[in-house]
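Hi,

Here is the model I promised to pass on. Have a look at it first, and my notes come after.

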Amino acid sequence: MRLVVPLSLVCLLAHHAHSASLIQCLSGIQDGSKVIVPSDPVYPKASLGQDYRFTYKPAAIFIPTKEKHIQTAVICANANNVTIAPRSGGHSYEGYSQGGKNGALLVDLYKLDSVSVDKNARTAVVGTGNLLAPLYYKLWTAGKYAFPGGTCPTVGVGGLTLHGGYGLLGRKYGVAADQVLEITMVSAKGDTLVANKNQSSDLFWALRGAGSFGIITSFKIALQTVPNPDVVTSFTYDWPASQHSAVLAAYNTWGPKATNDVTTELNWDSAGSLELQGLYLGPKSNLNGILKGFMDAVGSKPSASDVRQQSLIDALLRFTWMDTTNPADMLHPVAQDAKYMKGNSLLYSAPFSGQTIQIMNKYLSSVPSGSTGAYIIVDLWGGQVNNVPISETAFIHRNELFGIEIVVEWGNMNAPPGKPDCPACLTWINNFYGDLATQYRKEYKINTVPAYQNYIDKGLPNWQQAYYGAAYDRLKQVKRQYDPSNRFQFPQSIPLN
Ligand SMILES: Cc1cc2nc3c(=O)[nH]c(=O)nc-3n(C[C@H](O)[C@H](O)[C@H](O)COP(=O)(O)OP(=O)(O)OC[C@H]3O[C@@H](n4cnc5c(N)ncnc54)[C@H](O)[C@@H]3O)c2cc1C
């Protein structure tokens, strides 16, 4: 009798054989490294990222402590034809540091968290296992240095910097990727490459805007010092959301002309609040003058405000929203963020039209049922970000004035992974984005709406152009050169063709 084995079973058996052989190969590395296998009790937690929507099952989780561990891990993955997902802080919006699918090798870099400062050169070599808050604190204690990353304390420097990286020092110093002088990467061959302006310069260009070429182990960054690190001003001003027309109109006219010493974001919440948050790199006594054009244009007094002259590290701590006033606690950050969320973005190179503001109001006035939070963040871009020539990096958003991020959250902090679902939330955000994008295309007379790749969205139409524009073809060339077998991939990684 002929035994008929279903194809799916053949695939499954082959998959298990690969996994077993991969795990055996990784387990041989030892030397302080660690392998977590699916049967390990810590595996479910270790495989999760920040967003509990994604419960992809990696073939194994590898935790290196040295670069040579990563080199061997890549060789193990090659030998077993398994794709690799590097993880820095695990904050991908689409679970891409789990590979965005089952069966990848997750390389969790959290132990590569050294920061080595060279005061004479005013540079630091930063391991990609660093999260933002610990990095800010380490640079501050080394000499009151600054790095313009994002505000969330538990975002990883790896993912953030590879894809841009925008925060409250952005208008003064540009995006995080603009600070990078040199990048060390374990390549798809398992060797270590150093990329800078003079060597592997095409790779250096690509890695400042896009990932998926290898595993970055460290960035050498230029260190910034704000004009007076002990005297900056952090601020919030609130209005009821009913004032949105006046506040947005004022933001439109004041923002693009504002000094680069100030960076702001406007948070408009479906719960009815509208808050301007910002950081000014100078004393409180100057702030009224800096914001005068904005306040005059709004016309009505804020319903609340909280303006603090403080040191830079206290200001950065404030906007992490961690429940502490001790900057040393930044070494052990705790995320306050929802465990279930979806976000997406649009980038604007001109002021918002009345129609765009109406669309915002329409959606923010109708909370999706089941959500625990729905809001937009309107970042003021421009400043130094736009002083960098577009051809210099694969981060091509050099002509934008505002970035909008739409966010919807659901489930509570204790919700189990993969469980809560909120179809109404997803419909809400997709429709909100869709209406804004339709209006955008009409006004800008272009088909593709630019978007920020750190707010990666699997459903984004024509994401290749939206994130990378004219850089996309060159990125594919770099991919073919450095990762010809597409070892580093996720659903929106740079493809070979
Ligand atoms: C709550 C929250 C707040 C945020 N706030 C901001 C903000 O203020 N400003 C801002 O600009 N962005 C912000 N972001 C977006 C954030 O920058 C991106 O999600 C970023 O990619 C996350 O980086 P990560 O290292 O934490 O994530 P990961 O999930 O670890 O990585 C994200 C992607 O980068 C790849 N990657 C990570 N490390 C490496 C590495 N060492 N080598 C190669 N590839 C790597 C991963 O494989 C994955 O594809 C926020 C996100 C969240 C969830």
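Predicted model: local features only at pLDDT ≥ 70, side-chain atom pairs only at ≥ 80, totals over all residues.

Residues are numbered from 1 along each chain as its sequence is written, and side-chain values use heavy atoms, with hydrogens and water left out.

**The ligand**

The ligand has 32 residues around it, and the closest are Pro 86, Ser 97, Tyr 166, Tyr 452 and Asn 454 (near here is a heavy atom within 4 Å). By class, this shell has 14 nonpolar, 16 polar and 2 charged residues (nonpolar is Ala, Val, Leu, Ile, Met, Phe, Trp, Tyr, Cys and Pro; charged is Asp, Glu, Lys and Arg; the others, Gly among them, are polar). α5 (157–162) gives at least two residues, as do β3 (84–87) and β9 (215–222), and the largest share, 4 residues, is from α5.

For polar contacts (N or O pairs within 3.5 Å), a ligand oxygen sits 2.6 Å from a side-chain N or O atom of Tyr 452. A backbone N or O atom of Ser 88 is 2.9 Å from a ligand oxygen, and for a polar backbone atom of Leu 160 the distance is 3.4 Å. On its own the ligand has 950 Å² of accessible area, and the protein covers 94% of that (Shrake-Rupley, 1.4 Å probe).

**Cavities**

There are 4 cavities of 30 Å³ or more. A cavity is a set of points on a 1 Å grid over the protein atoms alone where a 1.4 Å probe fits but cannot get out, and lining residues have an atom within 4 Å of a point. Volumes are the space filled by probe spheres set on the points, which are joined across faces, edges and corners.

The largest cavity is about 70 Å³; its lining includes Tyr 136, Phe 147 and Leu 316, and has 5 nonpolar, 4 polar and no charged residues.

**The pocket**

The second largest pocket (an open set of points with protein on both sides within 12 Å along at least five of seven lines) has a volume of about 870 Å³. Of its 31 lining residues, those closest to the centre are Gly 89, Asp 108, Tyr 110, Leu 131 and Thr 154.

Cheers

Notes: Polar contact = N/O pair within 3.5 Å; in protein donor to acceptor, adjacent residues only side chain to side chain.
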